[in-house]
Every structure is written in C-alpha cells, then in structure tokens.
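Keep the structure open while reading.

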Amino acid sequence: MKKWMSISLSILMLSFLLAACGGGNNSATPTADNAGGNTNAAQGSGSSNDSGEPVTIKFMHFKSDFTDQINQIVEQFESQNPNIKVEVQPVKYDDYYTLLKTKLAGGDIIDVFTLNAGFNTQLFADGGYLMDLTGQPFLSNFDENVVKGQATDGKNYIMPLNANPIAVFYNKKIFRDLGLEVPRTWDAMIAAAEKIKAAGKTPFALGWKDAWTLTMWDTRDMPSNSALIGQPDFFEKIETGEAKFADNPAVKTTMEHALKLYELGNKDQLGVDYNGVVDLFAKGDVGMMYMGTWPLPDIEKKNPELYNNDLGYFPYPFSNDENANKLDFNADASLAIGSKTKHKEAALKFLEFMSSKEGGDAWVENIKSLSYVKGTSTDIAPALKDLQPYFDNAQTYDSQLYLAKTTIDWRSQFDQNLQKLFFNKTTVDQILADMDDWVSKNHK
C-alpha cells in the first residue's frame with residue numbers, strides 16, 4: 001500500500017505542478033530518497049541561526065480566519081528569538097492543500113506548515129516531504145497517547161498543536177423560551193429543531209458554501225455511526241476492497257441526517273459561507289450551529305450578551321444511543337517541518353515555542369481553542385463550561401481515528417452527491433452505487 005501511495009502522491013504532485021506552472025518549472029522535485037522522512041536530509045542542508053546571524057523561515061498555515069491572532073503568537077516567538085523572523089503565509093483552508101502540494105512539487109521550500117493528522121500527513125510523509133520529528137524533546141510536552149495517536153507508520157512527522165471539540169452551539173434563551181431541554185439523542189435534537197421552526201425561528205445555522213464545513217460534518221457523522229454498528233474499520237476496508245459503501249447502513253443514515261438538517265436549516269445553505277453562517281448565528285435568532293470553537297471570538301465581538309450569558313454547547317448526538325453520543329474531540333492543526341528546510345534549527349525552535357506552556361496558552365488566548373500542551377489553560381469561553389463534565393468523566397472520543405488508515409479521499413465525491421440529493425437530482429440508492437463505482441474506477 002505504501003508503494004501505491006508514494007506513486008499516487010507523485011502523480012498528484014506532478015499534476016498540480018503542471019496545472020499551476022504549465023510544466024515550465026525545472027526545479028527538482030524531492031524524492032523519497034533525497035527528501036525522505038529522516039532528519040539527515042535536513043541536516044545536510046546546512047544553515048541555521050546557530051551562528052547568531054538572522055534567518056527567515058516561512059510558515060504556511062490554513063487558519064486564515066485567525067490571521068491577526070496567529071501573527072500575535074508569532075510576534076511572541078520573534079520577541080524571544082530576535083535572530084529568527086517568520087514570514088507568515090495564511091491560506092484559506094479550501095485552497096490550502098492544493099497550494100501546498102503545488103509549492104512542494106515545484107521545489108518551493110516551506111520551512112514550517114500546518115497539516116491535519118491522518119490521511120494528509122500520510123501522503124506527505126510517504127512522498128518524503130516531512131522531517132522526522134520522532135524523539136524530539138518538545139514532544140514530551142504532550143500526552144503520550146496524543147503523540148502516538150498522531151504517528152504515521154510508527155514515526156512522528158507532525159507535532160500536535162491544538163484540539164477542538166466539534167459539537168453544537170445553541171442559544172440558551174431560545175431554548176428557555178420554548179421550554180426545550182438539551183438534546184442527548186438525534187431524535188431529541190430534531191424534535192427540538194422542529195419546535196424552533198414552529199416558533200418562527202431558524203433551527204440550524206448551516207454555511208455549506210465553503211466545502212470544508214459540509215465535509216467537517218459528514219466525515220464525523222458517518223464514521224461515528226459506522227463504529228456504532230460495529231464497523232469501526234469500514235474505511236480501512238474500503239481501501240483494501242473488503243467493504244462497499246452500499247453494504248454499510250451508516251452511509252444511508254448520514255444521508256438521511258443530511259436531508260433532515262438541510263430541511264431545518266437557514267435559507268440558501270449552499271450559498272452561505274463560514275463567515276456568513278457565524279454572522280447569522282451571532283444575531284441571536286438561530287437555535288443551533290454545529291461547529292468547533294473557532295467562531296467564539298467573532299460571536300463575542302458581534303453579540304457579547306449571547307456570548308457571555310446565552311451561549312451553550314452540547315455534544316453532537318449522531319445517534320439515538322445516548323451512551324454512544326460522547327463528545328467528539330479532535331486534533332485541529334498540527335505542525336510539520338519541511339524535509340528540505342535550510343533552517344532546521346530555527347524551524348525546530350519555532351515548534352519548541354509552540355509546544356511550550358507559553359506558546360500553548362497564547363494559542364488558547366488568541367484562537368479560543370484548546371491546546372494539547374500539558375498544563376495549558378482550558379478557560380476559553382463561558383460556553384465551554386458545558387463540556388467540562390465530558391472531559392472530567394472521560395466521555396470523549398475521536399471520530400477521525402476511524403478515517404486515519406485510508407488514503408482514499410472520498411470526501412469531495414460524497415459531498416457532491418449530497419448536494420445533488422438536496423435538489424432531488426439523485427437518490428440515496430444512486431449515491432451508494434455511485435460511490436462504489438467511483439472507488440472502483442479511481443482506486444484500483
């Protein structure tokens with residue numbers, strides 16, 4: 001499988017390069033031999049800031065909605081490391097991996113960049129684009145299980161940076177006014193949504209114009225329901241041809257859930273982007289919004305009353321099994337160092353700062369996200385207090401671990417089918433057949 005993934009990544013990288021550059025760039029593309037996932041390649045590249053001479057490292061990230069906040073964190077690092085300047089390159093998430101692949105394929109050196117654990121890290125590691133961080137002292141600042149959970153083939157190519165509960169924000173005032181309780185099952189959540197709709201308000205704020213927002217939801221609903229019915233290895237078996245979408249009842253469940261959310265969402269869900277949906281929810285007339293903690297700074301700014309007094313947060317009840325509906329808690333952004341960096345020591349210092357308590361607390365304070373660094377603050381917003389019992393009682397799980405062992409990126413194809421379903425241009429059974437046909441044609 002690794003041989004197939006290396007070939008697949010090489011072809012994918014080449015196609016992005018040709019599309020972006022017209023095939024006219026003769027820069028050498030790193031290979032698994034000369035740019036592989038070991039530190040020797042990076043050590044051989046020479047220069048760092050050990051001599052005391054100023055260096056500049058490039059930091060590319062997909063948290064573009066937090067450009068100013070991340071710049072503030074970078075300024076803290078630079079103040080402690082005056083000989084290291086950081087050129088920050090924020091990129092919108094939907095464009096991020098396309099641009100990163102294009103840059104690396106074209107020989108553009110990115111010293112530090114964000115990655116998501118699992119599928120994306122696997123591809124870049126197999127292509128030889130990541131420095132092996134295994135054994136770096138700063139990894140001891142994280143819980144051992146977190147470090148192991150982000151390993152790829154037993155090695156650590158990324159450093160966990162922050163984590164997010166992915167749950168449901170709700171307007172406590174609307175719930176109080178309508179006599180609604182916090183739902184613990186799927187049916188209870190839908191019943192509450194229908195009462196909100198009957199009261200003339202919008203049940204769910206959905207901004208699915210940005211592809212990642214729809215993907216964020218269905219890549220959690222489907223694996224969660226797959227694991228619930230005894231198929232936690234479903235996506236791994238899709239990889240090897242041992243399973244089909246049509247044979248997994250959880251796939252149909254996710255489509256049924258999608259249709260119900262679409263029915264109970266705001267108008268023009270596919271025309272509203274992430275920022276638009278946060279604006280909509282912050283006005284105070286929407287009952288619920290499925291999201292990570294990212295909107296908190298905007299909600300605080302736009303509606304302090306809602307933020308401080310009426311904003312609640314409950315685990316997304318993907319099923320009608322209340323005991324299974326734990327808090328979904330996932331890694332968000334992780335940091336990698338490019339294997340071809342010419343400033344290895346400076347890049348390592350950057351990761352060392354981000355893994356310190358000071359760096360972790362800066363992330364919590366500025367991004368309103370939880371940090372994986374031991375001992376960092378968890379006091380990021382009043383709404384997070386609602387989730388504290390789930391952390392205290394270890395009632396959390398990570399839906400993304402069920403996806404980590406496949407290299408088949410089915411997400412875009414499935415999302416396209418869902419959008420057709422919303423407009424009655426396909427059926428549930430047609431989508432099941434289409435997904436299996438797509439896998440057979442594109443992943444032999």
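Helices (H or I, at least four residues) and strands (E, at least two) are DSSP runs, numbered from the N terminus. By that numbering, aspartate 153 sits in the loop between α6 (144-149) and β4 (159-160). The model is predicted. Two topics follow: a four-stranded sheet, and two aspartates with positive phi, aspartate 153 and aspartate 268.

**The sheet**

- Four strands form an open sheet in the order β7-β8-β6-β9. The pairing is mixed.
- β7 (202-204) and β9 (311-315) are the edge strands, and each pairs on one side only.
- From one strand to the next, the twist averages 25°.
- Strands of a sheet pair through backbone hydrogen bonds, either parallel or antiparallel.
- β6 (residues 167-171) pairs with β9 in the antiparallel sense, over five bridges.
- Phenylalanine 169 has tyrosine 313 in β9 as its bridge partner.

**The helix across the sheet**

- Helix α8 (residues 186-198) lies across β6, β7, β8 (286-291) and β9.
- Relative to β7, helix α8 runs at about 160°.

- β9 is mostly covered, with five of its five residues buried.
- In a regular strand the side chains alternate between the two faces of the sheet.
- In β9, Leu311, Tyr313 and Pro315 point one way. Gly312 and Phe314 point the other way. All are buried.

- Most residues other than glycine have a negative phi, and most peptide bonds are trans.
- Aspartate 153 is not a glycine, yet its phi is positive, at about 55°.
- Aspartate 153 counts as partly exposed because its relative accessibility is 49%, and exposed means over 50%.
- Aspartate 268 also has a positive phi, of about 60°, although it is not a glycine.
- Aspartate 268 lies in the loop between α11 (249-263) and α12 (274-282).
- Aspartate 268 has 52% relative accessibility, so it counts as exposed.

Methods. Residues numbered from 1 in each chain as written. Predicted model: local features only at pLDDT ≥ 70, side-chain atom pairs only at ≥ 80, totals over all residues. Heavy atoms only, no water. Buried < 20%, exposed > 50% of the residue type's maximum accessible area, 1.4 Å probe, protein only. Pairing = 2+ DSSP bridges. Axes fitted to C-alpha atoms, helices over the stretch in contact; angles between N-to-C directions. Contact = heavy atoms within 4.5 Å.
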